[in-house]
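Hello,

Here is the structure I said I would pass on. My notes are below it.

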Amino acid sequence: VKNAMDVKNAYDRVTAEQNADRAGTLAAQGDRYGALNLLDEAIKLNPDKPDYYLQRARLKAGGNSDDQTGSLKDYDKYIDANKDKKTSEMAQVYAERARVRNDEDDSKGALDDLNSAVRIKGEDAQLLAQRAAVRQNAGDSAGAKGDLDRAVTAKPDDPNILKQRAEFNRAQGKTQDALSDYDRAIQNTRGQDIESAHNISRLTRGKAEVQAGQGDYKGAAATVESGAKAYEDRKLAPHGSNYGEQGDYLKAAVAASSDPREKDALQDRAIAAYGRAISQGWNANLPDRAQLLTDKALATQDPNQRGNLLGQAYRDADQATKMPYLEPYKGLLERGRATYASNYTNPSPSASLYEQAITDFKAAITNTDNYGGSPEVARVREQANAHLSDASYNRGGITGSRGDFERARNGYQAAISNNPNNPYYHDALAQAYDKLGEREAASAARVRADQLRRQGRPPA
């Protein structure tokens, strides 16, 4: 009997080892569940081999909640069996269990594991950086900073650790330190492959956000442009969003500048950046280019140039309204603006074109109801309402000039309903009432206009 049991146990151990080997092969091929099933069988056959628990723990890590719990139990089994070992492998296992514990919001357990790992390996940059992240998430900023500083000292040219410290400094409001670390990380990302280009792009975006937060929009634009250049230097095509972000920062620089010549130059650069983004298929910037083209058109004195700019602005905005993944309100607002500006600057404007613009402005306002109350949505709604008021007012002026005073009155009333504080709208409404013989209504409109002026209400 004893011999028979020995033979069976030996057979089980061999079969378990074969299952574990096959599990490794399946895991390498992407068959995680097949690998886990084999490891379950291996552990049933030989429950006393810690390596199987470690292998299963690593496969379960990062899975669903049940897998995470199972992973921790398996790590516990392995570590309990090897807790007296002080090897680099054990430090790695402690770090792995720390990641799972941290994912499960057990920051204390994660710190305990990382402390054990650091005691084994000493000033290991990756372990210190990992512990810094856990400490930061737990609210221990001082501890996180100390670990990050030690990690950078241990590995001063590691771009990932420098990026982590840059993001930590940024979160702490230490913008100059963050910028310095971003620069060092960028300088130390030297590979010529696409992943290196991606890394530089991510780093430049982070740095640009810090610069923009300081109001340095031109610097931010130059930074993201250097991120796009990282692709070009490697004979790769940048993603259109790189140029789109450059355009966004340049557009912000236009708004911040008080120098007319600088504003014009920045505006042209922003339009060019958006053009490059769109040419790369990044159509999210169609409304942005349309906005700048309309702004540029309204500033020029050359009617031919104005017509060309507004034509392109209309086409950009119209295309944006047809993109299924873009918020329609942006394209609707800019298409309405292009139509309105084209008609407003025309020596012979038409009521029908103002009506077309009004339709787009109304549609933009209605569409914003589907997108919550973000600052961007609020901005579009405010602008659309203002343009709707002006378009209604100007439509009223055209119909009134043609003797259709009822439509003129309706236009002025529509303008007032969107912007009741513009005295000029009430003046115009009073004149329409006069033409229609409605004296009391005309008098009330004039009284309201005078009240608004006394209140210091400027026209919109």
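This is a predicted model: local features need pLDDT of at least 70, side-chain atom pairs count only at pLDDT 80 or more; totals for chains, interfaces and linings use all residues.

Residues are numbered from 1 along each chain as its sequence is written, and side-chain values use heavy atoms, without hydrogens and water.

Helix pair. Helices α11 (residues 194-213) and α12 (residues 217-233) pack at about 180 degrees, with axes 8 Å apart. Helices are DSSP runs (H or I, at least four residues), numbered from the N terminus; axes are lines fitted to C-alpha atoms over the stretch in contact, and angles run from 0 to 180 degrees between N-to-C directions. α11 is therefore roughly antiparallel to α12 (over 145 degrees). Residues in contact (heavy atoms within 4.5 Å) include Ala197, Ile200 and Thr204 of α11 and Ala220, Thr223 and Val224 of α12.

Asparagine 394. This residue is in helix α19 (residues 375-401). Asparagine 394 is buried, at 17% relative accessible area (buried means under 20%, with a 1.4 Å probe and protein chains only). Leaving out residues up to four places away in sequence, Asparagine 394 touches Tyr340, Tyr344 and Tyr354.

Largest pocket. The space in it is about 200 Å³, the volume filled by probe spheres set on the grid points. A pocket is an open set of points on a 1 Å grid where a 1.4 Å probe fits, with protein on both sides within 12 Å along at least five of seven lines; lining residues have an atom within 4 Å of a point. α15 gives the most to the lining, with five residues.

Regards

Conventions. Helices (H or I, at least four residues) and strands (E, at least two) are DSSP runs, numbered from the N terminus. Angles under 35 degrees count as roughly parallel, over 145 as roughly antiparallel, 65 to 115 as roughly perpendicular and the rest as oblique. Buried means under 20% relative accessible area, exposed over 50%, partly exposed in between (1.4 Å probe, protein chains only).
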